[in-house]
Amino acid sequence: MLDELNILKQLLPSLPQAEDVVAGPGDDCAAVACGGRRILLAAADQLVGGVHYYRETTSPEAAGRKLMCRNLSDIAAMGGVPKWALLCVAAGGRSPEWVLAFCRGAAEAGKRFGVSVIGGDLASLPAEGEVASLTILGEADAAAFTLRSGAKPGDLLYVTGEIGNSLASGHHLDFEPRLAEGRFLAENGFASAMLDISDGLLLDAERLAKASRLRLCIDPAAVPLRAGAEREPALSDGEDYELLFTVPPGREEELKQVWKLTKLTRIGVAEPGEPDVCDCSGRSLLRNGKCGYEH
């Protein structure tokens, strides 16, 4: 294991940030002021063969689509609109046709959501395998984008869609990034804080709790499960690409009335206290072994 969380804990505070950086490392996207009401959103993610998909059974088109949609999910979590992407692929033991199909899969997925692939890089690897990275760029209104740090005590914790069984069900390859939902929640002020669930519900909930400096109390029985999912592993399996967000209590009824599309489920509440994720009895859910995926 790379010990990702420990590396980031030591690295991020040391990274210098210019004055125009509204939100730097540590959120789903970086946010940079571009003058007026315009905010530039930027994020990068990787896809590694054998880690994020089965190399033998996943088509290159499906793998490319997943890489694009993983990044689109980050834009969704900020309430933004995706615009441009840079795609880099390094492969060993793959044919030119495979690499071409991978790139086309990513580009076609982006096209559905108005994203132009404007550049990137191709390289060979000395050993068999493939690693691809994609940088996504988007836009948001300076008054209408959402960070992880905006939750307040009393806010209600919600999740879009369903959780769990992503790998066996194929959801991890064929999910719909929640762009419309994220933009609606941000632009209409329904989400006080938001992130996408990629590494597991509990681990990502902990990230929201730490960013907002409060405790999240989750009712595991209220978490909506994807078909075939078991409740306990569903809380930490990851690869869900749903949105986890908090709603000010005074806006809950209005949200229920105006949003009739994707299922939105209330699963908990934010409370004052040291950052933690607890069950309804106050018992921490983060001390029961694995609570999410770490590199």
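**Exercise 1. Is A234 buried or exposed, and what is its relative accessible area?**

Before we start: this is a predicted model, in which local features need pLDDT of at least 70 and side-chain atom pairs count only at pLDDT 80 or more, while totals for chains, interfaces and linings use all residues. Residues are numbered from 1 along each chain as its sequence is written, and side-chain values use heavy atoms, with hydrogens and water left out.

*Solution.* 
- Step 1: take the relative accessible area of A234, 1%, so A234 is buried (buried means under 20%, exposed over 50%, partly exposed in between, with a 1.4 Å probe and protein chains only).
- Step 2: list its contacts (heavy atoms within 4.5 Å). Not counting residues up to four places away in sequence, A234 touches I163, G164, L225, A229 and D240.

**Exercise 2. Find where E181 lies and which residues E181 touches.**

*Solution.* 
- Step 1: E181 belongs to helix 5, residues 179-187.
- Step 2: with a relative accessible area of 8%, E181 is buried.
- Step 3: leaving out residues up to four places away in sequence, E181 touches L243, W259 and T262.
- Step 4: E181 and E242 are 61 residues apart along the chain, and their C-alpha atoms are separated by 9.9 Å.

**Exercise 3. Check the span of helix 3 and name its buried residues.**

*Solution.* 
- Step 1: helix 3 (residues 96-111) has 16 residues and should span 22 Å at 1.5 Å a residue (the expected span is 1.5 Å times one less than the number of residues).
- Step 2: the end C-alpha atoms of helix 3 are 22 Å apart, which agrees.
- Step 3: the buried residues are W98, V99, A101, F102, C103, G105, A106, A109 and G110.
- Step 4: these buried residues pack against several elements, including helix 2 (60-77) and strand 4 (81-92).

**Exercise 4. Describe how helix 2 and helix 3 pack.**

*Solution.* 
- Step 1: the two helices pack at an angle of about 40°, with their axes 7 Å apart (axes are lines fitted to C-alpha atoms, for helices over the stretch in contact, and angles run from 0 to 180 degrees between N-to-C directions).
- Step 2: helix 2 and helix 3 are therefore oblique to each other (under 35 degrees counts as roughly parallel, over 145 as roughly antiparallel, 65 to 115 as roughly perpendicular, the rest as oblique).
- Step 3: on the helix 2 side, the contact residues include L67, M68 and L72, and on the helix 3 side they include W98 and F102.

Technical notes: Helix = DSSP H or I, 4+ residues; strand = E, 2+ residues; numbered from the N terminus.
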